[in-house]
Amino acid sequence: MSWRIVENCLLSAAIAFVLPLLAVSPARPGAAVLVLVAPWAAPDRAIGLIAAAEGQIVRGTAMSWLAVARSDRPDFAARLRRAGAWMIFDASGVGGCDPQGRDETKARD
């Protein structure tokens, strides 16, 4: 089986099972969000649309179609969608996505 087929299967599984679990209420201004763009888009597509939405990159990922970003703008999610983001998720519950490096699960205890 070719790597491309495996990659497409993993992407489909992530979209079908994992990502919907992360889709909670829109993030508050200043909170980290996980931004998803088309997997076949140019490698700098996520970075470009985050910049167009007046956000800052918190960190990239191993997949060029995913990035963690933040903005103090209250309309940041809407701006990301208008710029071409497929999906935007609140990243506060995703390990390693908190821009201040806090473990939010420990902070709640």
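Colleague: Why is Arg70 called partly exposed?

Modeller: Arg70 has a relative accessibility of 21%, and the term covers what lies between buried, under 20% relative accessible area, and exposed, over 50%, with a 1.4 Å probe and protein chains only, so Arg70 counts as partly exposed. This is a predicted model, in which local features need pLDDT of at least 70 and side-chain atom pairs count only at pLDDT 80 or more, while totals for chains, interfaces and linings use all residues. Residues are numbered from 1 along each chain as its sequence is written, and side-chain values use heavy atoms, with hydrogens and water left out.

Colleague: What makes the contact of Arg70 and Asp72 a salt bridge?

Modeller: The term asks for a side-chain nitrogen of Lys or Arg within 4 Å of a carboxyl oxygen of Asp or Glu, and for the side chains of Arg70 and Asp72 the N to O value is 2.5 Å, so the pair is a salt bridge. Asp72 itself, at 55% relative accessibility, counts as exposed.

Colleague: How do you know that Arg73 forms a salt bridge with Glu54, and what does the pair tie together?

Modeller: The closest N and O atoms of Arg73 and Glu54 are 3.0 Å apart, which meets the cut-off for a salt bridge. Arg73 lies in the loop between β3 and α3 (76-83), and Glu54 in the loop between α2 (45-52) and β2, so the pair ties together parts that are 19 residues apart in sequence; helices here are DSSP runs of H or I with at least four residues, strands are runs of E with at least two, and both are numbered from the N terminus. Arg73, at 29% relative accessibility, and Glu54, at 42%, both count as partly exposed.

Colleague: Which residues are linked with Arg73 in a network of salt bridges?

Modeller: The network links Arg73 with Glu54, Asp75 and Arg79. A search of the whole structure finds 4 salt bridges.

Colleague: How do you know that β2 and β3 pair?

Modeller: Two strands pair if DSSP finds at least two bridges between them, and β2 and β3 (residues 66-70) have 4 bridges, in the antiparallel sense. Gly60 stands opposite Ala67 in β3.

Colleague: Why is one side of β2 left without a neighbour in the sheet?

Modeller: The open sheet has 4 strands in the order β2-β3-β1-β4, with antiparallel pairing. β2 (56-60) and β4 (87-90) stand at the edges, each with a single partner strand, so one side of each has no neighbour in the sheet.
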